[in-house]
Structure formats: C-alpha cells, structure tokens
Amino acid sequence: MDMEKICIFTDSAADLIHEEAERWNIEIMPLRVTVDGKTYLEYYDITPEEYWKLLIESKDFPQTSQVSMESFLDLYKKAKEDGCTHVIGVLINSKGSGTYQAACITRDMFYDEYGKDMVIELIDSLCYSYTYGKVAVTGAKMREEGKSFAEILAEMNSLVKGMKAYVGIYNLRILRKSGRISGGAAFVGDALGLRPLAVVFNGAVDVMCKVRGDKAVANKLVELAVRDAVDKEHQTIEIAHGAVPEAQIAVLEKKLLEAGFAAVNRRPLGIMVTSNTGPQALGIIFRGAPRA
C-alpha cells in the first residue's frame, strides 16, 4: 500500500483550544462574527472570553457568517502542495450554517482544476461546539498512531453519530433578541429564575425543559448525562462553559465525577454557540447512543 499522508481539519465553531489544535496538527477554518460594526475571525482574532465581554456590553445582536469558499480552496491547495493523499474535514451542522455546503462546492471546484488523486472526505457533524471537535481530535490521534485513512474515516463517522450536548442558559437576553423567545416570556422567565435547558443533537437545538434557579442547572445536566451517556466509566465528559461563576462550574465537575464518569475536562464555549445562547451558558458534551 502506498504511504498515506492525511490532512485533518475542522472549523472554528468546533471549539478546539489552540494548544489542542497545535498538538494534534488540526487545521482550523475560521467562521466570522460581526459585533458593533466590527468583524472578527473566530479562533484567530478574538478569544471566547473577549467575545463574552463584547456580548454582555453590546446592544447589537451579533451576525455570524460561514467559512469562505476561498479559505477552503486555499486549504485544499496547501494540502496538495504538502503531498497529502487524503483530506478529512468535519464541519458545523449544515442545517445551521452554509459552511459544509461551501466546503463541498469548493471540493468540486478543486477536483475540476486539479483532478481527484487527493481524496477529500467531508463530514456533516449535524452538531455544534466540541461535539464534533472531539471527532476531529479522535481522528488526529488515530493518524498519529498510524491508522489508515479508511480506519480513521470510519471511526470519525461512527463517533459523530453519538455525540450529544446539553446546555443550560442563565440569561435570556440573547434568546429574546434572536426571537427564539418573546420579550414577555424572557421577562417572566428572568423574574422567576427559570433556566432553559437545550439539547443539541442530530442537527437541532431544542429547548427541552426549564429548571428554577442556577443550582438546579447542574443537577439537571448530571441527570441527563447519566441517562444518555454510553460507557461513562471509561468516558471523559466535557464541561463547555461561558461567563458563569467558577463555583457553579466546580459543582458540576464534582457531581459528574461522583456520577461515575472517568474524567472531566473544561473548555470555553465559542462564538457560534454563545451568539445564540448568550454568554451565560453552561453545558456538557459526551458520547451517547448513535442517532439513526
């Protein structure tokens, strides 16, 4: 078998931290966000923490935009110049962004110009945040272990079907601004201390329930993780957080470990999620039963 050289990439909405992307040699394609008339490239121009501060202080509703076709074309050309035989990309939910479609169209343009001797496989995650970031990291780890392109692609396709997230939303201002809930519902919800919990799975983000008070968010997240996670005793669960108090993150971490998860990692929620939930959000990301 000829030697394979595999390029693995994802987009910035996968919420990989810089050290992670650099350690595993994963290319990051930036989405863009415009706030108060200024446009930023996610991952490259602004940190999640800086963005949360902008969101809290801004009166505008942020405008997000997909990865450009030019960026994808540059990536494919560079991979070919570097001698890659295969490229695998796992990308943000196609139902919520045109990024996946742009990658596909650009692949066809690249094939027309350069031929198909470099194989480009694109995976629609049907997810957000580290639900598919973890898929990219898993593929990159397998690449380092010397696994074949076919093995890596099969595992990434399998893993992405089971990744799931739940997120608790502490402040309803952004949900109101986006039109996801009415101003009246937001006012009543804030007055009563109601915290919506949304499920992120299979291309959708749906508010599934509401709990009362900040402390109830962690309890509900743990309950859902225990219910839905597979093989939790051998699984590292991710806490994805925005601008919420450290004490609340610590309580959630402690409860997840007590519930039997092997380990807990923390990571900041990026621009694409917090643009829709608001910066005051706390979530969990794990592997559950695969979708059909």
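Arg143 is buried in this predicted model, with a relative accessible area of 19%, which is below the 20% limit used for the term. The residue belongs to helix α5, residues 130-144, and takes part in the contact between α5 and α6.

**Arg143 and its surroundings**

- Not counting residues up to four places away in sequence, Arg143 touches Ile6, Cys7, Ile8, Trp24, Asn25 and Ile152.
- Trp24, one of these residues, is 119 residues from Arg143 along the chain, and the two C-alpha atoms are separated by 9.1 Å.
- Ile152, also touched by Arg143, is on the α6 side of the contact between α5 and α6.

**Helices α5 and α6**

- Helix α6 covers residues 149-160, and its axis is 9 Å from that of α5, at an angle of about 160°.
- The two helices are therefore roughly antiparallel to each other, since an angle over 145 degrees is classed that way.
- The crossing of α5 past α6 is right-handed.
- From α5 the contact draws on Tyr132, Lys134, Val135, Ala136, Thr138, Gly139, Met142 and Arg143, and from α6 on Glu151, Ile152, Glu155, Met156, Leu159 and Val160.
- Sorted by class, the residues of this contact are eight nonpolar, two polar and four charged.

**Helices α3 and α4**

- Helix α3 spans residues 69-81; its axis and that of α4 come within 9 Å and cross at roughly 45°.
- The angle makes α3 oblique to α4.
- In passing α4, helix α3 forms a right-handed crossing.
- On the α3 side the contact is made by Met69, Phe72, Leu73, Tyr76, Lys77 and Lys80.
- On the α4 side the contributors are Thr99, Ala102, Ala103, Ile105, Thr106, Arg107, Met109, Phe110 and Tyr114.
- This contact of α3 with α4 holds 10 nonpolar, two polar and three charged residues.

**Helices α9 and α10**

- Helix α9 (residues 214-228) packs with helix α10 (residues 246-258) at an angle of about 30°, and their axes are 10 Å apart.
- This angle makes α9 roughly parallel to α10, because the class takes in angles under 35 degrees.
- The crossing of α9 and α10 is right-handed.
- Helix α9 supplies Asp214, Ala218, Asn219, Leu221, Val222 and Ala225 to the contact, while helix α10 supplies Gln248, Val251, Leu252, Lys255 and Leu256.
- The contact of α9 with α10 consists of seven nonpolar, two polar and two charged residues.

**Asn93 in its loop**

- Asn93 sits in the loop between β6 (86-91) and α4 (99-114).
- Asn93 is buried, with a relative accessible area of 0%.
- Leaving aside neighbours within four places in sequence, Asn93 is in contact with Asp124, Ser125, Leu126, Cys127, Tyr128 and Gly203.

**Positive phi angles**

- Most residues other than glycine have a negative phi.
- Asp36 has a positive phi, near 50°, and is not a glycine.
- The position of Asp36 is in the loop between β3 (32-35) and β4 (38-41).
- Asp36 is partly exposed, with a relative accessible area of 45%.
- Tyr43, likewise not a glycine, has a positive phi of about 85°.
- The loop that holds Tyr43 runs between β4 and α2 (48-57).
- Tyr43 is buried, with a relative accessible area of 12%.

**Cysteines**

- The structure holds zero disulfides; the term calls for two cysteine sulfur atoms within 2.5 Å.
- For Cys84, the closest cysteine sulfur is that of Cys7, and the distance of 5.2 Å is too far for a bond.
- Cys84 is buried, with a relative accessible area of 11%.
- Cys7 is also among the residues touched by Arg143.
- For Cys209, the closest cysteine sulfur is in Cys127, at 19 Å, which is too far for a bond.
- Cys127 is also one of the residues in contact with Asn93.

Notes
Residues numbered from 1 in each chain as written. Predicted model: local features only at pLDDT ≥ 70, side-chain atom pairs only at ≥ 80, totals over all residues. Heavy atoms only, no water. Buried < 20%, exposed > 50% of the residue type's maximum accessible area, 1.4 Å probe, protein only. Axes fitted to C-alpha atoms, helices over the stretch in contact; angles between N-to-C directions. Helix = DSSP H or I, 4+ residues; strand = E, 2+ residues; numbered from the N terminus. Parallel < 35°, antiparallel > 145°, perpendicular 65-115°, else oblique. Left-handed = near helix turned anticlockwise from the far one by under 90°. Contact = heavy atoms within 4.5 Å. Nonpolar A, V, L, I, M, F, W, Y, C, P; charged D, E, K, R; others polar.
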